[in-house]
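Open your viewer and keep the selection tool at hand.

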Amino acid sequence: MNLSKRINEMQASPIRKLVPLAIEAKARGIKVYHLNIGQPDIKTPQVFFDAIKNHKDKVVGYALSPGDPNLIQAIRRFFERDGIHFDSDEIVITNGGSEAIMFAMQAICDPGDEVLIPEPFYTNYNSFLKETGVKIVPITTMATNGFHLPSSNEIESLITPKTKAILFSNPGNPTGTVLTWDELERLKEVALKYDLFLISDEVYRKLVFDHEITHSLGSLKGIDNNAIIIESVSKRYSTCGARIGSIQSKNKELMHQVVKLAQARLSVSTLDQIGATALYDLDDSYIDSIRMEYEKRRDIVISELSQIPNIKFETPKGAFYIIITLPVNDAENFVKWMLTDFELNKETVMLAPAEDFYANKNLGKRQVRIAYVLESTQLKKAMIVFKEGIQKYIQKRKND
Ligand SMILES: Cc1ncc(COP(=O)(O)O)c(C=O)c1O
């Protein structure tokens with residue numbers, strides 16, 4: 001029996017594809033530092049657990065399809081603190097930011113439509129778009145330019161009659177790049193000129209360093225009907241397993257249609273929504289502490305990388321990722337070698353090869369992504385192991 005063309009064309013998670021090698025390394029008694037995946041180690045705030053514990057219903061029933069009204073109000077307050085107003089019917093709760101992106105695609109695109117995405121981009125965008133038969137058209141950004149956007153002319157040259165939207169993550173995964181107000185304004189101009197949706201994936205919003213601000217797309221004036229915002233508790237509140245996200249838009253017709261998708265999957269986890277409500281009511285001091293923790297880790301990574309000759313990187317301003325260009329021809333081979341052939345005092349490091357973050361895979365051939373999701377002491381050790389590994393690898397290549 002044949003399976004669908006769609007499922008056959010979907011990629012398996014490139015971030016997880018080398019996991020069997022890590023399992024084998026561990027079986028050989030090697031400790032593997034995981035810098036390959038964006039799973040924060042920071043403790044989930046206690047209020048999340050307390051809220052669920054204090055919930056007294058004797059039946060775990062379905063929540064309302066568009067989401068628990070208390071959570072929707074808490075998200076409204078979260079945006080309101082930044083001067084952004086959403087009505088209750090302009091927010092739908094989803095199973096993580098992932099489902100919010102899929103809902104956006106299903107609601108605005110038909111098969112064959114095109115969506116512009118700055119590359120490198122979060123690899124699962126490939127899957128979300130493939131599922132809906134949508135083609136990714138990359139807007140190539142360069143490490144040398146801090147992965148900032150090219151000129152509006154360059155972006156406009158990619159637009160065809162099939163283009164429906166521009167999707168971007170801000171701050172960026174895998175780059176850590178924070179888009180400036182000017183860049184957002186430029187995207188707005190392009191979206192208005194060609195009547196496109198702008199989809200701002202803000203799952204890392206507020207995780208920014210060096211006094212940067214991540215401007216929510218909701219702060220821009222005059223694009224209410226074109227703007228879609230993707231939110232999630234996963235990263236900011238260290239709650240990846242809660243699977244709570246949301247889609248926001250002031251386009252009432254769009255949100256009315258999105259509710260049909262929400263109804264078709266009945267509901268999002270009742271208990272996790274109760275926990276998430278408490279998270280959104282945490283004040284800025286919580287977010288500041290998380291931001292400072294990631295900034296400290298970013299600085300450890302930068303300080304260690306600065307000591308390695310011939311590697312290139314730009315200092316990221318947000319999220320918890322950095323792309324580095326290595327003096328190797330194929331970064332994936334290096335990542336594999338670290339797991340199969342290298343150890344420093346019975347320790348090694350797992351990284352994510354960056355080519356799968358690109359539509360033009362060659363652009364990422366010599367790059368890896370580091371996710372600095374380990375606490376400082378572990379992170380420092382991991383970076384020392386990495387430093388040793390890359391130097392040994394280069395030496396070995398020279399001798400081969
Ligand atoms: C840019 C970006 N968007 C969306 C997601 C999905 O997050 P979740 O579904 O856990 O909210 C991730 C997860 O890593 C991400 O990096």
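Which side chain places an N or O atom 2.8 Å from an oxygen atom of the ligand? Select asparagine 173: an N or O atom of its side chain lies at that 2.8 Å distance from a ligand oxygen. This is a polar contact, defined as a pair of N or O atoms within 3.5 Å; within protein, one must be able to donate a hydrogen and the other to accept it, and residues adjacent in sequence count only if both atoms are side-chain atoms.

Before going on, note that the model is predicted: local features need pLDDT of at least 70, side-chain atom pairs count only at pLDDT 80 or more, and totals for chains, interfaces and linings use all residues. Numbering starts from 1 along each chain as its sequence is written, and side-chain values use heavy atoms, with hydrogens and water left out.

Next, select lysine 235. A polar atom of its side chain is 2.8 Å from an oxygen atom of the ligand. Now show the backbone of glycine 97. One of its N or O atoms lies 2.6 Å from a ligand oxygen. The ligand taken alone exposes 400 Å², and the protein buries 94% of that (Shrake-Rupley method, 1.4 Å probe).

**The backbone**

Go to proline 120, in the loop between β3 (114-119) and α6 (124-131). Its peptide bond with glutamate 119 is cis, with omega about 5°. Then pick proline 171, in the loop between β5 (163-169) and α8 (181-194). The bond from asparagine 170 to proline 171 is also cis, omega near -5°.

Lysine 206 is not a glycine, yet its phi is positive, about 85°.

**The whole chain**

Zoom out. The chain has 13 helices and 13 strands (DSSP runs: H or I, at least four residues, for helices; E, at least two, for strands; numbered from the N terminus). The C-alpha trace spans about 65 × 55 × 55 Å along its principal axes.
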